[in-house]
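My entries follow in the order in which I looked.

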Amino acid sequence: MHHNHHHHTSTSHDNSSGSCHNEPSKDGKWSSKLLRDCAIAISERDSTKIHQLLWMLNELASPYGDCDQKLASYFLQAFFSKATGSGYRCYKTLSSVAEKNHSFDSARKLILKFQEVSPWTTFGHVASNGAILEALEGETKLHIIDISNTLCTQWPTLLEALATRSDETPHLKLTVVAITASLVGSVMKEVGQRMEKFARLMGVPFEFNMISGLNHLTKEGLGVQEDEAIAVNCVGGLRRLEVEEREGVISMFKSLSPKVVTIVEEEADFCTSKDEDFVKCFEECLRFYTLYFEMLEESFPPTSNERLMLERECSRSMVRVLACNNSDELEDGDCCERRERGGQWCERLKKEFSSVGFSDDVVDDVKALLKRYRSGWSLVVPQGNDHVLGIYLTWKDEPVVWASAWKP
């Protein structure tokens, strides 16, 4: 039962027929009801009902339709993989297709285009850069260890800020840790060359290193020198680690004695109910991806190819979270994708670090950034809540991205 990804292309403009948040039909959003029924059937192992619902979803879903049809299409793929026990195989296929189509230029263009229309990633960049610059002020040898998924698009503005510092321009070493297979090799080599060229242009003494995989996450592996001021930056990096590895990696960060650790993650909990309750886990995925798809729909023009690519990336995460069991044969370079909420990350981080609030200057920078985008975005600083530290990017009042800064 394959659902076809190729012969609907002609309908990519037919977005007028409906959208994620038009008036719902009498029964509300049809996809969420059908998908929920299907998740229940899967958790109850009711094969007759599963087949019936998968068939109905297959008839109604399309990756080129409105939001309902798109969500149905991508969740259908995850449900089908789950029901047939082929989740891991499906995940590997999707990953290798993505890698084949993943040149440096296409990846960079996609990230930059997304950053132009939505603050989804730039929010974390501006907040983290502000905290890093403040923590490393006056230092002459800087070493930033970067575990992120945004192809170094964060660093040009930081290099500009260093170049215009009133005191002597410091030496910057940037060590990028590539957790996922798709980032290694030619893509990162190209990124490094671009960064070196830009640093020369800015007159900042610069060194670029790349290491792949987590097994090199040691002082020696990262090439940490005694006289360097260290910052660790993770934008969307930690969710790629297996849940069991997260505590260990956080305490490894502490062993580097960094001046600051910046963490940015998407606000969703794909961990808590994973094994006990498939339906609960599905509902959290549906909540998060509905928001994300609606945001993409409002940010990009209807026929945007970038939007389609960003949606396809979600299909990989959905399969990974909903259809792969922990016992599956995972390899190095596979992404875990299990997001946790800011409050959950705080619990982990508080064991090793204390929180550094973002200064008023940084908060002002983030607010100024959000003014460049269409309305709907805002910044929320949790007030008087000791459990959740950091700041949130919200879209239509829903928290979607969490940013925080820590010191040992």
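I began with the largest cavity, for which I read a volume of about 60 Å³. On a 1 Å grid over the protein atoms alone, a cavity is a set of points where a 1.4 Å probe fits but cannot get out, and lining residues have an atom within 4 Å of a point. Grid points are joined across faces, edges and corners, and a volume is the space filled by probe spheres set on the points. I noted 10 residues lining the largest cavity, with D146, S148, L151, V176 and M188 closest to its centre. Strand β2 (residues 171–178) provides the largest share of this lining, three residues. Helices (H or I, at least four residues) and strands (E, at least two) are DSSP runs, numbered from the N terminus. By class I found seven nonpolar, two polar and one charged residues in the lining of the largest cavity, where Ala, Val, Leu, Ile, Met, Phe, Trp, Tyr, Cys and Pro count as nonpolar, Asp, Glu, Lys and Arg as charged, and the others, Gly among them, as polar. With a threshold of 30 Å³ or more, I counted three cavities.

Before going on, I recorded that this is a predicted model, in which local features need pLDDT of at least 70 and side-chain atom pairs count only at pLDDT 80 or more, while totals for chains, interfaces and linings use all residues. Residues are numbered from 1 along each chain as its sequence is written, and side-chain values use heavy atoms, with hydrogens and water left out.

At least two lining residues come from each of α5 (104–117), α6 (122–135), α7 (155–163) and α13 (360–371), and α6 gives the most, with seven. I noted 10 nonpolar, nine polar and eight charged residues in the lining of this pocket.

How do the axes of α6 and α13 cross? They come within 9 Å and cross at roughly 155 degrees, the axes being lines fitted to C-alpha atoms, for helices over the stretch in contact, with angles running from 0 to 180 degrees between N-to-C directions. The two helices are therefore roughly antiparallel to each other, a term for angles over 145 degrees. T122, F123, V126, A127, G130, A131 and E134 of α6 make the contact with D361, V362, D365, V366 and L369 of α13, contact meaning heavy atoms within 4.5 Å.

For α4 (residues 87–100) and α11 (residues 305–323), I read an angle of about 160 degrees with the axes 9 Å apart, which makes α4 roughly antiparallel to α11. This crossing is left-handed. G87, C90, Y91, L94, S95 and A98 of α4 make the contact with S315, R316, V319, R320 and A323 of α11.

Last, I looked up α3 (residues 67–83) and α10 (residues 278–299), whose axes come within 10 Å and cross at roughly 145 degrees, in a right-handed crossing. By class, their contact has 11 nonpolar, one polar and four charged residues.

Notes:
Parallel < 35°, antiparallel > 145°, perpendicular 65-115°, else oblique. Left-handed = near helix turned anticlockwise from the far one by under 90°. 1 Å grid on protein atoms, 1.4 Å probe; cavity = no way out; pocket = protein on both sides within 12 Å on 5 of 7 lines; lining within 4 Å.
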